[in-house]
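I'd like to walk you through one model today, so let me put it up on the screen.

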Amino acid sequence: MGGPRAALSLQYAAALSGHKHQEEPAMLNRLSIFQKLFYFLLLMVGIFVIAFWSIYNLNVKDIQLEMSRNKMNDVRLMASQLSTQFEQVLMNTITLSQDSSIRDYPYILKFGDKYSRYEGKLSIIDKLAINAASTSWNNRVTLYYTDEQELVSSANSPSIAPLDLSASKVNEWTVRMDEGGGGYYSYIMKTHISELLIEVSVSLENLKKMMEPYNSGTPLLYDAGQSVFIRKESRFLEDAYPKIASEISGESGSFLFQDQGTEYLVHYMKCAMLDLYFLDFHPRSQFIRPISRNNQYFIYAVLIVVAGVIFYTLLLRRQVQKPVNVLRRAINRFDRGDLSSRVATLHAHEFRMLGNSFNRMAENTQRLIEQVLFYELEVKEAKLKQYQAQINPHFLFNCLNYIQSKASVKDHQAVTAMTLHLGSYCRYIQKIELIDSTLLEEITFVEHFLSIIQLRKREISFDIHIPEHMYGYRVPRMILQPLVENCIKHGIEPGMEQGVVTITAEETDNGLQIIVKDNGAGMTEGRLLAVRRHMNDFIHQDETLGTGIRNVNQRIRLYFGKSSGLAVESMPSGGTCYRIHIDNGEDNNAANSAG
């Protein structure tokens with residue numbers, strides 16, 4: 001019977017698909033004048049917006065290019081000023097190295113008395129102080145007489161460690177940072193006097209103060225030689241600085257940088273005498289402010305046009321499109337299997353006639369399908385009675401084998417327990433004339449079944465908690481035993497640990513819920529999706545998934561209505577949970593009324 005029915009379904013689907021393909025080209029030619037006008041208006045608005053947006057982008061690029069040139073001139077000026085200051089400090093130091101008192105000081109150290117050495121050192125310190133004051137930058141000059149191990153500095157109390165030439169760069173500006181963010185630039189000069197080294201140190205505070213009057217943008221200083229930022233900005237996150245450094249290359253350039261949702265245009269230029277870069281950050285949004293007012297006017301105009309189009313669309317939708325959509329949604333719901341789909345009363349006379357015709361057709365179709373479902377329900381109940389009339393031979397053989405083995409060792413208590421539970425189990429399934437039973441009777445039957453399993457397999461236990469006031473609920477017979485059997489067979493037995501089957505029940509706002517779960521192996525996500533699809537199939541398609549939980553779900557829905565049913569939840573190694581939801585608010589089943 002399944003073969004011909006499936007063939008008919010395929011033929012019907014193929015015919016429907018061919019019919020749809022024939023109708024699709026004709027749909028384009030059946031557009032109403034209102035729809036064509038609406039699409040034309042949308043097209044014109046779209047072309048207008050695209051044209052303006054293109055012009056707007058060209059203006060932004062021109063403005064950005066001009067401002068970028070101005071910015072680069074400002075950056076070039078600051079980089080030039082920095083280079084000039086460093087050059088002036090270095091030239092003063094070169095001039096200082098030619099001073100006779102500095103060149104003659106080693107001779108005084110070797111052959112002069114204590115007073116002459118003291119007087120020579122004071123003379124040098126005075127000249128170093130004059131040299132440090134000759135520029136706008138505060139700097140410190142230190143003389144190292146390596147042969148005499150003598151140090152003379154312009155600082156009053158210099159905290160200068162002995163010079164380590166192996167770790168210091170000569171004739172090159174080098175930045176030295178401390179943990180607090182301070183530091184200084186150092187330049188060590190070798191003179192023609194082999195035993196004399198001159199170190200000039202410029203505090204980084206000089207550079208930072210030089211940046212304070214700069215208001216064209218946000219200035220930063222970056223030393224590429226040591227890969228450090230000398231001047232940072234508090235508004236930037238700390239992890240933004242490595243990204244900035246990676247964008248710097250060459251003598252000068254620009255790039256876009258984004259931080260905390262703000263996009264910046266960055267210009268940079270390298271100073272002439274050292275690996276120091278001056279960077280200027282400027283928000284990109286400020287580049288397009290000169291045309292923002294025109295943009296606002298345009299946006300207002302577009303909004304007015306769009307509002308008019310929307311108003312016209314709503315008017316058109318109320319008169320034509322809305323009734324069509326109502327009919328289409330009702331047909332789609334009916335096509336997806338919602339046989340209760342109906343069309344509400346429509347205002348337009350023509351669409352009201354179409355809606356009434358569809359409602360009559362849907363009612364006739366639903367009546368025919370319900371008759372078929374009632375017939376299938378009777379067939380399933382007959383199969384259930386046949387199933388109740390016979391005991392699984394393998395299950396019965398295991399029980400009898402257990403009784404024989406326990407009797408052979410004279411375990412009368414185990415034999416008695418097995419015999420009582422098996423007798424109660426058989427007595428329940430032999431009542432083939434009954435379609436339903438109370439929840440208490442169903443739970444008692446399942447308890448006998450689990451007790452039989454527990455006698456044979458001690459590693460399996462069960463826990464049942466049902467409130468006494470729920471004992472009187474009537475449910476279809478044999479809806480819990482297949483779920484319990486699934487918990488044992490597919491959940492607990494594949495594992496090696498102790499297994500527990502738990503059965504609970506609770507009342508909900510509109511009915512009750514029965515929960516059967518285990519702590520077994522569970523199911524993968526793919527297997528769970530396949531089981532859920534199989535539960536809701538009208539035709540049994542996957543033989544590997546069996547029919548137990550599918551039959552339980554369909555019997556519950558046929559007995560209590562489509563809002564009731566079975567739900568499955570599971571995860572690997574997390575057990576499986578079956579939830580039976582019974583909705584008493586719906587008309588209690590067509591099965592009873594048909595029966």
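Let me start with a quick one for you: which hand does the crossing of α13 and α14 have? It's right-handed. On that term, a crossing is left-handed if the near helix is turned anticlockwise from the far one by less than a right angle, and right-handed if clockwise.

Before I go on, some housekeeping. This is a predicted model, where local features need pLDDT of at least 70, side-chain atom pairs count only at pLDDT 80 or more, and totals for chains, interfaces and linings use all residues. Residues are numbered from 1 along each chain as its sequence is written, and side-chain values use heavy atoms, with hydrogens and water left out.

So, the overall picture. The protein has 15 helices and 17 strands; those are DSSP runs, helices being H or I with at least four residues and strands E with at least two, numbered from the N terminus. There are 595 residues, and 38% of them are buried. Buried here is under 20% relative accessible area, exposed is over 50%, and partly exposed is in between, with a 1.4 Å probe and protein chains only. Now take the contacts with a separation of 6 or more: 61% of those are between residues 24 or more positions apart. A contact is heavy atoms within 4.5 Å.

Back to the helix pairs. Two packed helices are described by the angle between their axes and the distance between the axes. The axes are lines fitted to C-alpha atoms, for helices over the stretch in contact, and angles run from 0 to 180 degrees between N-to-C directions.

For α13, residues 525–536, and α14, residues 548–560, the axes come within 8 Å and cross at roughly 45 degrees. That makes α13 oblique to α14. The cut-offs: under 35 degrees is roughly parallel, over 145 roughly antiparallel, 65 to 115 roughly perpendicular, and the rest oblique. On the α13 side you have V531, H534, M535 and N536, and they meet I549, R550, N553, Q554 and R557 in α14. That contact divides into 3 nonpolar, 4 polar and 2 charged residues. For the classes, Ala, Val, Leu, Ile, Met, Phe, Trp, Tyr, Cys and Pro are nonpolar, Asp, Glu, Lys and Arg are charged, and the others, Gly among them, are polar.

Next pair: α3, residues 100–111, and α4, residues 114–133. Their axes come within 10 Å and cross at roughly 160 degrees, and α3 and α4 are therefore roughly antiparallel to each other. This crossing is left-handed. From α3, S101, I102, Y105, I108 and L109 meet a set in α4 that includes S116, G120 and I124. By class, that contact has 5 nonpolar, 4 polar and 3 charged residues.

The contact of α10 with α11 has 10 nonpolar, 4 polar and 3 charged residues. Have a look at H448: at 19% relative accessibility, H448 counts as buried, and H448 touches H421 and S424, not counting residues up to four places away in sequence.

Okay, rings. The whole structure has 15 aromatic pairs, meaning Phe, Tyr and Trp rings (the six-membered ring for Trp) with centres within 6.5 Å; planes under 30 degrees apart are stacked, over 60 edge-to-face, and the rest tilted. Take F86 and Y185, which are edge-to-face, 5.3 Å centre to centre with 80 degrees between the planes. F86 lies in helix α2 and Y185 in strand β4, so the pair ties together parts that are 99 residues apart in sequence. Both F86 and Y185 are buried. And ring pairs link F86, W137, W173, Y185 and Y187 into a cluster.

S227 isn't a glycine, but has a positive phi of about 55 degrees. S227 sits in the loop between β6 and β7, and is exposed at 51% relative accessible area. K410 is another non-glycine with a positive phi, about 60 degrees. You'll find K410 in the loop between α9 and α10, exposed at 65%.
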